[in-house]
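Good morning, and thank you for the time.

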Amino acid sequence: MESLRIIDTWPVTTAAAAVVRADGTVLGTHGPAEHRFPLASVTKPLAAYAALVAYEEGAVELDEPAGPEGSTVRHLLAHTSGLAFDEHRVTAPPGNRRLYSNAGFEVLGDHIAKASGIPFAEYLRQAVLEPLEMASTTLDGSPARDGVSTVADLVRFAAEVQAPRLLDPRTVLEAQTVVHPGLKGVLPGYGHQSPNDWGLGFEIRGSKSPHWTGNSSSPATFGHFGQSGTFLWIDPVAGVACVALTDRAFGPWAAEAWTPFTDVVLAELS
């Protein structure tokens, strides 16, 4: 895909990108697909997928208590537990506001580790990384932000989410469906959004503006971006997913570059 060559114009030292269909067909790659990049918050969808495996295996229930009083596993996955952004401090009642929370994913990881008897990083490896042959992906630290991976590995994950083998497709559909519709909140880097829609570990584009996906992305588009200059989106209407990883922290350059990039990718596909 010629559109992927746009990443050569980005003000970064190293970048790689790919587009993949649900059947695993890679429509194009550009850049070093085997280069390992810090994922930052693109770690969260991987962690969420492991949490959903734990749910299907019966280790946890989505509506069992986890985190602050009144909070559940579902609240933690959907950033509605009331926990602060980066502190294990309660700032709102569960279900009241969309408070994007790294702390919430750390509590989630601890909860699954306790329920399964396996450290969360190992649970992630056994439940998701190993079955998908994501041998270059590791988690060394917080399940909110300390993953390291490659475009080649994330292509495998993106294909899985589009055509699930590790999970019941109904579970993945629930993960990309808005939890607690109508909640307002801040989308980091893009300001207040009303509504600020999220599923179970995946951010949902909906009607958000501004946004890091394309102006032509369908409202059903879901995924995540990371402060390390990384993103993964899946557009079920277009029937494709796109991964882009860089070695420059998110900033104005990314906000300016990512949206037109996605629009050109989608235009080439159509």
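I shall speak about the sheet, the helix packed on it, and the pocket.

First, some conventions. This is a predicted model, in which local features need pLDDT of at least 70 and side-chain atom pairs count only at pLDDT 80 or more, while totals for chains, interfaces and linings use all residues. Residues are numbered from 1 along each chain as its sequence is written, and side-chain values use heavy atoms, with hydrogens and water left out.

Let us turn to the sheet. Six strands form an open sheet in the order β2-β1-β11-β10-β9-β8, with antiparallel pairing. Helices (H or I, at least four residues) and strands (E, at least two) are DSSP runs, numbered from the N terminus, and two strands pair if DSSP finds at least two bridges between them. Because β2 (26-30) and β8 (203-204) stand at the edges with a single partner strand each, one side of each is left without a neighbour in the sheet.

Strand β1, residues 15-21, pairs with β2 over four bridges, and A17 has H30 of β2 as its bridge partner. Helix α7 (residues 252-269) packs on the sheet and touches β1, β2, β9, β10 and β11; contact means heavy atoms within 4.5 Å. The direction of α7 makes about 35° with that of β10, where axes are lines fitted to C-alpha atoms, for helices over the stretch in contact, and angles run from 0 to 180 degrees between N-to-C directions.

How many residues of β11 are buried? Seven of its seven are, where buried means under 20% relative accessible area with a 1.4 Å probe, protein chains only. V240, C242, A244 and T246 point one way from β11, and A241, V243 and L245 point the other way.

β11 also has antiparallel partners: seven bridges link β1 with β11, A15 being bridged to T246, and five bridges join β10 to β11, with F231 bridged to A244. β10 and β11 form a hairpin with four residues between them, and G239 in the turn has a positive phi of about 75°.

Finally, the pocket. Residues lining the largest pocket include D23, R156, E160 and R165; a pocket is an open set of points on a 1 Å grid over the protein atoms alone, where a 1.4 Å probe fits, with protein on both sides within 12 Å along at least five of seven lines, and lining residues have an atom within 4 Å of a point. Helix α5 (residues 151-162) gives the largest share of that lining, four residues.

Methods: Buried < 20%, exposed > 50% of the residue type's maximum accessible area, 1.4 Å probe, protein only.
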